[in-house]
Amino acid sequence: MAGLDLGFFLFAAITACIFAIMALGLYVQFSLAGLPNFGHVAFMAVASYAMAILVVRLSLPLPLAMLCGLLVAVALALLLGIPCLRLRADYLAIATVAAGEMVRYLAMNLPDLTGGPLGSMAMLGPDQVAFYNLGWQAMLDRVAAGIAHVTGTPVSRDAAAALIVFVVMLLLLVFFARLEHSPWGRVLKAIREDDVAAASVGKHVVAYKMQALILGAIIGGLSGMLLALQIGVFSPDDYAPTLTFYAYLILILGGMNRIWAIPLGAILFSLLYTGTRFLSFFPLSLFDSGSRAFLRLFLIGLMLVLFMALRPQGVLGDRRQLLLEK
């Protein structure tokens with residue numbers, strides 16, 4: 001257990017930034033284009049596995065392997081979008097859930113390629129331990145050394161990682177905030193509100209939906225790879241369907257249709273999820289024993305239910321907009 005120390009807050013900051021990037025991908029697909037994607041975690045998983053396999057088995061440099069991971073996520077988006085984007089919203093949601101579970105079960109049942117249930121550390125077989133994030137650790141060391149040289153203060157790997165993921169998150173938020181207010185973004189919002197009306201004025205609805213799906217897949221793939229690099233070892237269970245629902249929770253906590261609310265939602269969720277697990281002061285100390293540890297998830301769920309009952313539009317959301325959407 002940890003108290004209120006710098007290590008915990010760096011861990012929470014890294015988690016929040018990665019979760020914010022993950023939720024941003026879903027924001028593009030759901031909040032902008034109205035695509036109910038409940039298999040967002042599939043893009044995270046395929047990108048992470050592609051990156052790790054290329055590094056471990058083909059010894060590709062990490063940046064090139066990450067680029068290939070993003071391309072695999074795009075390929076999955078095309079494979080999913082071409083037959084499914086014409087489906088009605090509820091059927092599309094079912095199809096995306098199925099896609100996410102198919103990816104996870106394929107990873108679990110292809111041990112010669114993915115390491116099977118043991119995940120990335122078993123990619124070279126049972127007699128060797130595979131490492132895919134050595135390049136990431138080396139880069140963190142270089143960044144930490146550079147910061148220490150400039151500031152004259154020693155910097156940890158976690159601090160360097162927090163800085164990197166924060167900059168990536170900020171750049172993506174700025175880019176998509178500008179894109180949201182462009183003509184392209186306004187067309188997506190029109191499709192979200194009424195795709196028949198958008199099609200009646202000459203907009204290619206399926207093409208725009210495909211673009212949103214692909215962009216969300218790229219961001220989701222990036223967040224999945226950052227998560228894999230940060231945790232060091234991953235398995236199919238690390239890309240369970242609950243990750244997609246975490247992304248929806250982040251959007252809801254901050255404000256569903258406000259892009260700058262995503263970091264706030266990620267911070268709130270990260271503190272709820274990690275704070276109730278690692279902080280040891282009262283009353284959180286009541287949930288740290290083995291016999292009562294299950295109450296942590298009950299506490300998280302109760303707080304989320306109370307929050308949604310008291311402020312359904314999210315922290316930065318507009319209640320009037322919520323009523324209009326109903």
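Let me begin with how the model was treated. Residues are numbered from 1 along each chain as its sequence is written, and side-chain values use heavy atoms, with hydrogens and water left out. Because the model is predicted, local features need pLDDT of at least 70 and side-chain atom pairs count only at pLDDT 80 or more, while totals for chains, interfaces and linings use all residues.

As for the fold, the chain has 14 helices and zero strands, where helices (H or I, at least four residues) and strands (E, at least two) are DSSP runs numbered from the N terminus. Of its 326 residues, 48% count as buried, buried being under 20% relative accessible area with a 1.4 Å probe, protein chains only. If we take contacts between residues at least 6 apart in sequence, 74% of them join residues at least 24 apart, a contact being heavy atoms within 4.5 Å.

One helix I would like to show you is α7, residues 157-180, whose 24 residues should span 34 Å at 1.5 Å a residue, and whose end C-alpha atoms are 34 Å apart, which agrees; the expected span is 1.5 Å times one less than the number of residues. Among the buried residues of α7 are I164, V165, M169, F176 and E180.

Now to the cavities. Rolling a probe the size of a water molecule over the atoms shows where empty space is left. On a 1 Å grid over the protein atoms alone, a cavity is a set of points where a 1.4 Å probe fits but cannot get out, and lining residues have an atom within 4 Å of a point. A volume is the space filled by probe spheres set on the points, which are joined across faces, edges and corners.

How many cavities of 30 Å³ or more does the structure hold? There are two. About 50 Å³ of space lies in the largest, which is lined by L35, P36, N37, L80, G81, C84, L85, L92, T96 and L213. Helices α3 (62-84) and α4 (89-108) are the elements that give two or more residues to this lining, and α3 supplies the largest share, three residues. The lining of the largest cavity divides into seven nonpolar, three polar and no charged residues, with Ala, Val, Leu, Ile, Met, Phe, Trp, Tyr, Cys and Pro counted as nonpolar, Asp, Glu, Lys and Arg as charged, and the others, Gly among them, as polar.

The second largest cavity has a volume of about 40 Å³, and the residues lining it include F38, V41, T96, E101 and P241. Here the largest share, four residues, comes from α4, and the lining divides into four nonpolar, four polar and one charged.

Note on methods. 1 Å grid on protein atoms, 1.4 Å probe; cavity = no way out; pocket = protein on both sides within 12 Å on 5 of 7 lines; lining within 4 Å. Buried < 20%, exposed > 50% of the residue type's maximum accessible area, 1.4 Å probe, protein only.
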